[in-house]
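I set down what I looked up, topic by topic.

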Amino acid sequence: MPPPSLSDPGDRQESVPVKLALGLLRISQALANARGAAAGEQGLSPLQLQILIDLTNEPSGVGAAGVLARKYGVSAPTLSDSLAALVRRKLVTQRPSASDARVRELRATAKGRTLAERALADLDQLVGVCAQMPHEEQQRSLGAALDLIRRFNELGWIQADRMCVTCRFFERDRAPGTPAPHWCRLISRKLAAADLRVDCPEQEPAVSSPGS
Ligand code: SF4
């Protein structure tokens, strides 16, 4: 029997994995629309907004544009065009690093950070939608979302930096069946599903993670 497929009309009606995949495609479209609208409100492209958000999260700067190009899955020229536009608008600075003059360090300016924060505030609608779900449903959905992100990362579809599920310090299911089954080796702490972090500054990618 062939595996279920998005192209099979019967599977689109009956197969749970196919319906889940279709649902995820719809969600990705909805999120792309929301992100595009939030970026547009600030006069930015979605890629420019993503760069600004990431640079805002890294106040010490990002040392290489190539890191960002790989992260977003775009070509170096595409990233460079977006960066140039941000620099022209004085939202980002690009200066030689103090420790290595060959490295051009990227930083969001105060104006850039303000724009990124405004756009994120627009996207708070998404938080509102999640907050409407019952608490247990929120936790189950968080676990399912993180698991999918880990799997997408293993396929090399996305980078999942700053997240427990792709961190070298993370031990999944060290105490299976307990309320806090996971473990962080860095802080020597048990982690419940709801404790898993999606924006941890101490995260270091696991070497076995091809999408990192
Ligand atoms: S260092 Fe941070 S990302 Fe890594 S496992 Fe610990 S809490 Fe999670």
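**Domains.** I looked up the separation of the two domains: the C-alpha centres of domain 1 and domain 2 lie 23 Å apart. The assignment places domain 1 at 9-126 and domain 2 at 135-195; such bounds come from an automatic or database domain assignment.

**Conventions.** I note that this is a predicted model, in which local features need pLDDT of at least 70, side-chain atom pairs count only at pLDDT 80 or more, and totals for chains, interfaces and linings use all residues. Residues are numbered from 1 along each chain as its sequence is written.

**Overall build.** I recorded eight helices and five strands; helices (H or I, at least four residues) and strands (E, at least two) are DSSP runs, numbered from the N terminus. Along the sequence the pattern reads α-α-α-α-α-β-β-α-α-α-β-β-β. The C-alpha atoms fill a box of roughly 55 × 45 × 35 Å along the principal axes. Of the 212 residues, 19% are buried. I use "buried" for 20 or more other C-beta atoms within 10 Å of a residue's own, "exposed" for 12 or fewer and "partly exposed" in between, with C-beta atoms placed from the backbone.

**Cores.** Which residues touch the most other members of the largest nonpolar core? I found Leu49, Ile51, Leu52 and Val92, in a core of 20 residues. A nonpolar core is here a set of buried Ala, Val, Leu, Ile, Met, Phe, Trp, Tyr and Cys residues joined through C-beta atoms within 7 Å. Helix H2 (16-41), helix H3 (46-57), helix H5 (76-88), strand E2 (104-108) and helix H6 (110-122) each supply at least two residues of this core. H3 gives the most, with six residues. Leaving aside neighbours within four places in sequence, I listed Leu68, Ser82, Leu83 and Leu86 as the contacts of Ile51; a contact requires C-beta atoms, placed from the backbone, within 7 Å.

**Ligand shell.** I then listed the residues around the ligand: Cys164, Cys167, Phe169, Phe170, Cys184, Leu186, Ile187, Arg197, Cys200, Glu202 and Gln203. The criterion is a C-beta atom, placed from the backbone, within 6 Å of the molecule. The shell divides into eight nonpolar, one polar and two charged residues. In this count Ala, Val, Leu, Ile, Met, Phe, Trp, Tyr, Cys and Pro are nonpolar, Asp, Glu, Lys and Arg charged, and the others, Gly among them, polar.

**Sheet.** I traced an open sheet of three strands in the order E3-E4-E5, with antiparallel pairing; two strands pair if DSSP finds at least two bridges between them. E3 and E5 stand at the edges with a single partner strand each, so one side of each has no neighbour in the sheet. Three bridges join E4 to E5, and His182 has Leu191 in E5 as its bridge partner.

**Backbone angles.** Most residues other than glycine have a negative phi. I noted Arg162, with a positive phi near 65°, in the loop between helix H8 (135-154) and strand E3 (170-171). Arg162 is partly exposed because 19 other C-beta atoms lie within 10 Å. I also noted Ser188, with a positive phi near 50°, in the loop between strand E4 (182-184) and strand E5 (189-191). Is Ser188 buried or exposed? Ser188 counts as exposed, because it has 8 C-beta neighbours inside 10 Å.

Technical notes:
Two residues are in contact if their C-beta atoms, placed from the backbone, lie within 7 Å.
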